[in-house]
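Student: Please take a close look at one strand of this model and at what surrounds it. I would like the overall picture of the chain before the details.

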Amino acid sequence: AQTVTQSQPEMSVQEAETVTLSCTYDTSENNYYLFWYKQPPSRQMILVIRQEAYKQQNATENRFSVNFQKAAKSFSLKISDSQLGDTAMYFCAFILGAQKLVFGQGTRLTINP
Amino acid sequence: EPEVTQTPSHQVTQMGQEVILRCVPISNHLYFYWYRQILGQKVEFLVSFYNNEISEKSEIFDDQFSVERPDGSNFTLKIRSTKLEDSAMYFCASREGGSYEQYFGPGTRLTVT
């Protein structure tokens, strides 16, 4: 079974700092997709960034980038120049083929002014 | 930009009552999902639906749960006899055929008293 682990329950940084959220996953498959979702206090699930396992290049979306280490089964999210609006729960998620998303436990990120 | 919508945003019901949660997926999407998030916990998969039938369901999705696509736009989740432990946020998601990205609705907060 596929599992996703986020080892940091909570993180807190100052505005404008860079922060990295960790995620590891377990699968024996070779082709899959990884995602980071943001969940603000409204509890809406917002897709932040995605990575295809067959791509070696790390995905980037504006201030958000990932460090995808396939051999280590690691998928961390880096937020640069953090903003107050980045305060949220962040969930790492894995999907294999056309199946269900498997989520990690989440990291609560607080950006302090 | 097209989005997934869900109604109601919050529903309060008494234990033993039936509830129907409604979702309108993005119009050209073919795959539909329900996920559940108990407060403070991770998002868990309930069921996936494609071509008018269930593709996969989790252990949570027992005989008390059912899904239906009654027309060309709505996708519903019914809980026949609610229990206290059904209190959670329920998310609907959909995706188009050629992509693995699932787009989430804003969720329905179900409170069972």
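Tutor: For its 113 residues, a compact globule would have a radius of gyration near 13 Å, and chain A agrees because its value is 13 Å; the radius is taken over C-alpha atoms, and the globule rule is 2.2 Å times the number of residues to the power 0.38. This is a predicted model, in which local features need pLDDT of at least 70 and side-chain atom pairs count only at pLDDT 80 or more, while totals for chains, interfaces and linings use all residues. Residues are numbered from 1 along each chain as its sequence is written, chains are lettered from A and ligands numbered from 1 in the order in which they are written, and side-chain values use heavy atoms, with hydrogens and water left out.

The C-alpha trace of chain A spans about 40 × 25 × 20 Å along its principal axes. Its secondary structure comes to 0 helices and 12 strands; these are DSSP runs numbered from the N terminus, with helices being H or I of at least four residues and strands being E of at least two. Of the 113 residues, 48% count as buried, where buried means under 20% relative accessible area, exposed over 50%, and partly exposed in between (1.4 Å probe, protein chains only). Among contacts in chain A with a separation of 6 or more, 53% are between residues 24 or more positions apart; a contact means heavy atoms within 4.5 Å.

Strands count as paired if DSSP finds at least two bridges between them. Within this pairing, A:L109 is the bridge partner of A:M11. β12(A) is also joined to β10(A), here by 3 bridges and in the antiparallel sense. A:M89 stands opposite A:R108 of β12(A).

A:D86 is found in the loop between β9 (74–79) and β10 (88–95) of chain A. A:D86 counts as buried because its relative accessibility is 2%. Not counting residues up to four places away in sequence, A:D86 touches A:L109 and A:I111, along with A:K38, A:R63, A:F64 and A:I79.

Strand β5 (residues 33–39) of chain A pairs with strand β6 (residues 46–52) in the antiparallel sense over 6 bridges. A:L34 stands opposite A:Q51 in β6(A). This hairpin has 6 residues between its strands, and A:R43 there takes a positive phi near 75°.

A:R43 in turn reaches the other chain: B:M89 is in contact with A:S42 and A:R43, leaving aside its neighbours within four places in sequence. B:M89 is found in strand β9 (residues 88–95) of chain B, and counts as buried because its relative accessibility is 4%. In chain B its contacts include B:Y35, B:R36 and B:P106.
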